[in-house]
Amino acid sequence: MITEITMPRLGITMNTGKILEWYKMEGETVTKEESLLLVESEKINTEMESLVDGYLMDILVHEGEEVPIGTVLGRISDTMEKPVEGEAQPSQVVEGTDPSESE
C-alpha cells in the first residue's frame with residue numbers, strides 16, 4: 001500500500017509551501033506519528049507527521065523547493081519493494097496540522 005505525502009494548506013491564504021528539512025532519507029523506516037519533514041508557509045513553520053508505519057520510498061520535492069498546495073512531496077510504502085509502474089494507488093494522504101486550529 002502506498003501513502004502519498006502532500007503539501008498541506010496551513011492557512012486560508014496559503015498557496016505554496018517550502019520544504020525546509022526532511023528528517024528521513026529514502027528507504028528509512030517511518031513510524032506512525034513520527035515527524036517526517038518541516039514545511040514553511042508565509043506565516044508559520046510546521047512539522048508533518050506520518051499517519052502510517054512503513055518506509056519512505058520516494059522524496060519528490062527536496063529541501064529548499066517551494067511547491068503549490070496538494071503537490072505530492074513523497075511516498076511511504078508498507079514494503080521495501082518499489083511498486084510496479086501503474087500499480088501504485090495512493091491509499092492515504094499525509095498532511096500537516098495548522099497549530100492555530102488548536103488555539
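Predicted model: local features only at pLDDT ≥ 70, side-chain atom pairs only at ≥ 80, totals over all residues.
**A tour of the strands and the core**

Visitor: What makes β4 and β5 a pair?

Guide: Two strands pair if there are at least two bridges between them. β4 and β5 share five bridges, in the antiparallel sense, so they count as a pair. A hairpin of four residues joins β4 to β5.

Visitor: Which strands are the edge strands of the open sheet?

Guide: Four strands form this open sheet, in the order β5-β4-β2-β7, with antiparallel pairing. The edges are β5 and β7 (66-68), since each of them pairs on one side only. From one strand to the next, the twist averages 40 degrees.

Visitor: Which residues of β5 lie on the covered face, and which on the uncovered one?

Guide: Thr46 and Met48 are on the covered face, while Asn45, Glu47 and Glu49 are on the uncovered one. In a regular strand, side chains alternate between the two faces of the sheet.

Visitor: Now for Ser41. Is Ser41 buried or exposed, and how do you know?

Guide: Ser41 has a relative accessible area of 12%. Buried means under 20%, so Ser41 is called buried. Ser41 is in the loop between β4 (35-40) and β5 (45-49).

Visitor: Which residues is Ser41 in contact with, beyond its neighbours within four places in sequence?

Guide: Those neighbours aside, Ser41 is in contact with Leu10 and Met14. Contact here means heavy atoms within 4.5 Å. As for Ile19, which is 22 residues away along the chain, its C-alpha atom is 9.2 Å from that of Ser41.

Visitor: How many residues does the largest nonpolar core have, and which have the most contacts inside it?

Guide: This core has 18 residues, and Ile5, Ile19, Trp22, Leu37 and Leu73 have the most contacts inside it. Two or more residues come from each of β2 (16-22), β4, β6 (54-59) and β8 (72-77). β4 gives the largest share, three residues.

Visitor: Which residues is Leu73 in contact with?

Guide: Leaving aside neighbours within four places in sequence, the contacts of Leu73 include Ile5, Ile19, Trp22 and Leu37. Met48 and Val67 are also among them.

Note on methods:
Residues numbered from 1 in each chain as written. Heavy atoms only, no water. Buried < 20%, exposed > 50% of the residue type's maximum accessible area, 1.4 Å probe, protein only. Core = buried A, V, L, I, M, F, W, Y, C linked by side-chain atoms within 4.5 Å. Axes fitted to C-alpha atoms, helices over the stretch in contact; angles between N-to-C directions.
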